[in-house]
Structures are given as structure tokens and as C-alpha cells.
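Subject: Structure for your review

Dear colleague,

Please find below the structure that I am handing over to you. My notes on the ligand site and on the disulfide follow it.

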Amino acid sequence: MKNFKKYLAPIVLSCATATATSVQAGEVEVLHWWTSGGEAASVAVLKDLLEKQGHSWKDFAVAGGGGESAMTVLKSRAVSGNPPAAAQIKGLDIQEWADLGLLTNLDPVAKQGNWDNLLPKVVSDVMKSDGHYVAVPVNVHRVNWLWANPEVFKKAGVGIPNSWEEFSTAADAIQKAGFIPLAHGGQAWQDATLFEAVALGMGGSDFYRKAFVTHDMDTLKSPKMVDIFKTFKGLRKYIDKDSAGRDWNIATNMVINGKAAMQVMGDWAKGEFVAAGKKAGVDFACLPAPGTSGQYTFNIDSFAMFKLNDAENAKAQNALAKTIMEPAFQETFNLNKGSIPVRSGMSREKFDSCADASMDAFNAAAATGDLVPSMAHGMSTTSYIQGAIYDVVTNFFNDDSLSAEDAVNRLAQAVKAAM
Ligand code: BGC
């Protein structure tokens, strides 16, 4: 938090007076990181709906799952006093940008579109700064999913696992049968995505919140956390040796084409299955990540809107915000993206069994206190603490000389230093 302000505060003044005169009237420049097959098909829906209203879309795509690269590029654009009209910014980062005075007030659009009544409060609170809307939510992704290729399981003669113990038994059999048990890409955010699933399953929702939302030091240093790190490391042997640097969608593709049996990944992975013409419940299975049935790690994509001086561009920006919350966009986008609509009262008719399961699980988990924000996807904490956790998790996963006990101590220290 502190670091963020230190880094950007000096440029706030120059940004606040920056104009958007260099772009054509009625144009919105949109920064996002949706570049995989399923993601590109999804964002094309928004572009299309905006262009149909006579506005133009200037694409500002920065490849890189999880959005770390996109955020770096966004900061440098803001530093030069030239942020885009809209940027994919999530979770607590929205507040950080709003605190710098760079975001525009979307209250008139929100009021007209009845957003307060159409969004769960847990979502609308994140989209507001000082009670005013500065961002618009796109979807709800569930992160704690296990994606599986049933054919591979059939060939290996085992069932799809529900716990980490079952996972090891199944993975051993799959390996023996000549397949890769776990498709994974060796990138910090993917390691963190796998790690948080293990932590949620083994620790439970309260433990998860204490570790990744309130950062309780005793929880971070607990024997339970040591066990979680050990189980996490135990998954390493089920990943192939070429995983370093692999993109998440390439890993998903290994499950799609039957080279690998499973992937632990948020339901943007479903977007890849769908883009490949695969059917949920037939060609692929979606199950809660081992040990997390009844729990829901949420990840909400959203666009924050920056202040613009050009009136026509501001109109186009408002049209973009309005369109995002409309049923037509919420349905088509989420069918492609693998997520579920964030707008309440949408028909489920066109959604598949995985989306149905996600919608049911969201409601059930909200009622039982098992709805938790994703650490790996910027929902639970600041980007500084998230980065500190990423570093420890990824170093531990890739370095055999580090013990689980050492890693846990480092975790607590790193989180404390970033607070
Ligand atoms: C985003 C998703 C995106 C995924 C992979 C996540 O952090 O929320 O929308 O598909 O990263 O790029």
C-alpha cells in the first residue's frame, strides 16, 4: 500500500491535468490481459457491443496470465500521465488507484442501471471508493477448480480425486499409465493458484482468511501451514519437467488433448475447453479442487475507468460501463469466459453444468461463510503482500534445498514486511 503511493504519488498531479486529446472522439482505450483463445473470444463480445453503439475500441492487450505484466505496463502509462480510459483492475487495487484521484465517478451510470440492486454487496463494495462507483464488475470466476480429462482417468483405471490423498493415489496410477497427472505452468501466479487451493482444502475457510486476508502471524507460522507447504511440494512430482514458464492455457491444452489428466485452475480454463469445442460433463469434468467442496474462492474481473477530459471519449467510456452490466453482455461474455454473470437475476438456460455448479456453490458458500477471496488473483490483499506471498511460494516450489519450516518462517516475515 505504502509502496504503491510512493511510486505513483509524484505523478498524480501530472495525470490529473492530462488530457486525452490525442485520441479520436468516441474512442475508449481498454487495457486487459485477455489473450488466450477463450479470453480473446470473450473480450471480442465487449468490443463488438461497443462498436455497435458507434464508438471505437482501441485495444491495449498485455499478454500474461494473472495480469502482472498488464499492471506493470499500466503503472508506466499512468506515470507518463496517459492512462487508458478503462483498465482491468481488480480487488483492493481499485481503491489504490482511486486514492490517487485518477478514477472517474460512475455513479450516474450506476444509478441509471440500478447497479446497487443488481450486484451482491460484497461485489459493489469493492467497485466503490468513498461510496462512489469507480469500477464496473464483469463476472465471477471460481478459482478452486480441478479440471479433468475423463478419458485419461478411464485409461489409467482410477477415479477423479476428491481429496489430496485420493489425488496422490490417482496421480501415481496416471503416471504409471504413461500420462502427466498434473498440467501446470511454472509461473509464480500459477504456483500461487495451486498453493491457495491446497491451503483452502487443508486449512478450511477460517484458516484461509486468517492467513491471506487478515494476515495473522500465528496462522502464517502454524504447524498447519507447514503441512500445507509439504502437501503443496508433494505435487511437484506429478508435473512434467518442461513446465517452467509455460502459460496456463498451454497447460489447459494438455488436458484437452489427453496428454495430461488434470489441472488446478480457475474457470477461465473452461473458456479454453469451450473454445476447443469440448462439452462439460462429456469431454471434460469440473470438480472442486481436492478438499474444497462447499468452499468457493472468488475472483471478480472488473474495469476501473480513468478520468478523461475529452467529452466524446467520456461518453464512450460511460457506454462501455453501461454495456458491461447489461444482460446481453453478461450472458455472452461469461459463456465464453467460463465465469458466471455478476449481475443477479440472469437466466441460467444457456449455461453448462460447470457454470450451474459454480452458481450453486457461490450461493451455498456465501451462506456458510465459505466464500473466500482469492489471494492469487488479487482479491484478498494488496498487490504488495500478494507479491511477497508469490515469491515465497514459488521459490519453495522450485527449490529443493528449502524446508517447509523455513518457507513458513519466510512467509510470515515477507508478509509482515509488506504490510
Ligand atoms: C483473471 C482472469 C484471466 C486469468 C488468466 C485472472 O487473474 O481474473 O480473467 O482469465 O487471470 O489470464
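A polar contact is here a pair of N or O atoms within 3.5 Å. Please bear in mind that this is a predicted model.

Asn299 places a polar side-chain atom 2.9 Å from an oxygen atom of the ligand. For Asp301, the distance from an N or O atom in the side chain to an oxygen atom of the ligand is 2.7 Å. His377 has a polar side-chain atom 2.8 Å from an oxygen atom of the ligand. On its own, the ligand has 310 Å² of accessible area, and the protein covers 100% of that area.

As to location, the ligand sits in the largest cavity. There are 13 residues around the ligand, and those that come nearest are Glu39, Lys90, Asp301, Lys337 and His377.

The disulfide joins Cys286 to Cys354, with an S to S distance of 2.1 Å. The torsion about the S-S bond of Cys286 and Cys354 is about -110 degrees, and the disulfide is therefore left-handed.

I would be grateful if you could look at the ligand site and the disulfide in turn.

With kind regards

Terms used. Residues are numbered from 1 along each chain as its sequence is written. This is a predicted model: local features need pLDDT of at least 70, side-chain atom pairs count only at pLDDT 80 or more; totals for chains, interfaces and linings use all residues. Side-chain values use heavy atoms; hydrogens and water are left out. A residue is near a molecule or strand if one of its heavy atoms lies within 4 Å of it. A polar contact is a pair of N or O atoms within 3.5 Å; within protein, one must be able to donate a hydrogen and the other to accept it, and residues adjacent in sequence count only if both atoms are side-chain atoms. Accessible areas come from the Shrake-Rupley method with a 1.4 Å probe; for residues, only the protein chains shown count as cover. On a 1 Å grid over the protein atoms alone, a cavity is a set of points where a 1.4 Å probe fits but cannot get out, and a pocket is an open set with protein on both sides within 12 Å along at least five of seven lines; lining residues have an atom within 4 Å of a point. A molecule sits in a cavity or pocket if more than half of its atoms lie within 2 Å of its grid points. A disulfide is a pair of cysteine sulfur atoms within 2.5 Å.
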